[in-house]
Amino acid sequence: SNSATLTISAFMPIRLSERLNYLITYPYGCLEQTVSAAFPQLYLADIVSLNDEGKSRIRRNIIDAINKIALFQLSGGGFSYWPGSPNIDQYTTTYAGQFLLEAQRAGYVVNPELLNTWKNFQKKAAGAWSYKQADLGFYNDFNDVTQAYRLYSLALAGIPDFGALNQLKNYNKISSRSKW
């Protein structure tokens, strides 16, 4: 009636289910947390064994996240950080878009209009970026990391922007993160 498990390892245990449960039930409703809670669930079945109930719960969570993300989208295609905010957050716009692309690739239904307006926004934002804005210290939205991530997301979407990529590549103060 008693059992025990002994684990010997050079690494600390990751306690995946405990950490995932914390992530899923995180209390804030911003865009970043919504995406961060759902994104790893796209791949969870690939790394842990799940019963049918677990698979169903994950599926519901991902569908709920896709539907919630749509509520953050503004008319121009970008996403706000908080629901109802009129301001676009550049980095989380890219993060949400990447999640939507990956969810679609995983077989989830993503409203094509949601993705198309996001893609159009990303193309416009990539074309409008200038290293001069970054040199002048215009917010975090214009830094090279945000632009590099935006360009990566456009490539994932199948619409790379080579002109904007070359402009970023030629920026003499480009950070190592952006180069990677």
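Reply: Terms come first. Buried means under 20% relative accessible area, exposed over 50%, and partly exposed in between, with a 1.4 Å probe and protein chains only. Helices (H or I, at least four residues) and strands (E, at least two) are DSSP runs, numbered from the N terminus. This is a predicted model: local features need pLDDT of at least 70, side-chain atom pairs count only at pLDDT 80 or more, and totals for chains, interfaces and linings use all residues. Residues are numbered from 1 along each chain as its sequence is written, and side-chain values use heavy atoms, leaving out hydrogens and water.

Me: Which residues of α8 are buried?
Reply: Asp 144, Val 145, Thr 146, Gln 147, Ala 148, Tyr 149, Arg 150, Leu 151, Ser 153, Leu 154 and Leu 156. With eleven of 13 residues buried, α8 is largely enclosed by the rest of the structure.

Me: What covers them?
Reply: The cover includes α5 (90-105), α6 (112-128), α9 (162-169) and α10 (176-179). Contact here means heavy atoms within 4.5 Å.

Me: What caps the N-terminal end of α8?
Reply: Asn 143 does, with a side-chain oxygen 3.2 Å from the backbone nitrogen of Val 145. Just after α8, Gly 158 has a positive phi of about 85 degrees.

Me: Switching to α2. How many of its residues are buried?
Reply: Seven of eight, in a helix that spans residues 31-38. Among them are Leu 31, Gln 33 and Ala 37.

Me: And Gln 41, where does that lie?
Reply: Gln 41 is in the loop between α2 and α3 (44-47). Gln 41 counts as buried because its relative accessibility is 4%. A polar atom of its side chain lies 2.7 Å from the backbone oxygen of Ala 37.

Terms used
Polar contact = N/O pair within 3.5 Å; in protein donor to acceptor, adjacent residues only side chain to side chain.
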